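Have a look at the chain first.

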Amino acid sequence: QVQLVESGGGLVQAGGSLRLSCAASGRSLSYYAMGWARQAPGKERDSVAGISRMGDRTHYVESVKGRFTIYRDNAKNTVYLQMDTLKPEDTAVYYCAADPTSNIWSVPAVVRYYDYWGQGTQVTVSS
């Protein structure tokens, strides 16, 4: 079983950037497709980006395409989310998640595929 810990959240002005990190322990991240999801107050948790086990395939929700980049370093057991050109509507708690899929090409696109979750990190974008 894998444990996930997010970091890198904070307060940033619109147009700014943040990089979120998700450090894993307990098992190699190479066994998992990974992703980031977010939840704003009063809303459901939605997938933002996903990445395959080897990092060669990615998926993004339409609203973040061209602004966010998900990547991973399996040697460091860490997944990242680079967020650029941030907007106030990106404000949410961001969660790292792991999908223990046996398919090395699989990229989770919705939250129901994830079995393991971190505790979340707050991202606030001011206008």
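Q: How many disulfides does the rule give here?
A: Quick ground rules: this is a predicted model, where local features need pLDDT of at least 70, side-chain atom pairs count only at pLDDT 80 or more, and totals for chains, interfaces and linings use all residues. Residues are numbered from 1 along each chain as its sequence is written, and side-chain values use heavy atoms, with hydrogens and water left out. Taking a disulfide as a pair of cysteine sulfur atoms within 2.5 Å, C22 and C96 are joined, S to S 2.0 Å. The count is 1 disulfide.

Q: Which strands does the C22 and C96 pair link?
A: Strands here are DSSP runs (E, at least two residues; helices are H or I, at least four), numbered from the N terminus. The two cysteines sit 74 residues apart, in distant parts of the chain. C22 lies in β3 (residues 18-25) and C96 in β9 (residues 92-99).

Q: Is C22 buried or exposed?
A: Buried means under 20% relative accessible area, exposed over 50%, and partly exposed in between (1.4 Å probe, protein chains only). The relative accessible area of C22 is 0%, so C22 is buried.

Q: What is the handedness of the disulfide?
A: Look at the torsion about the S-S bond of C22 and C96, which is about -75 degrees.
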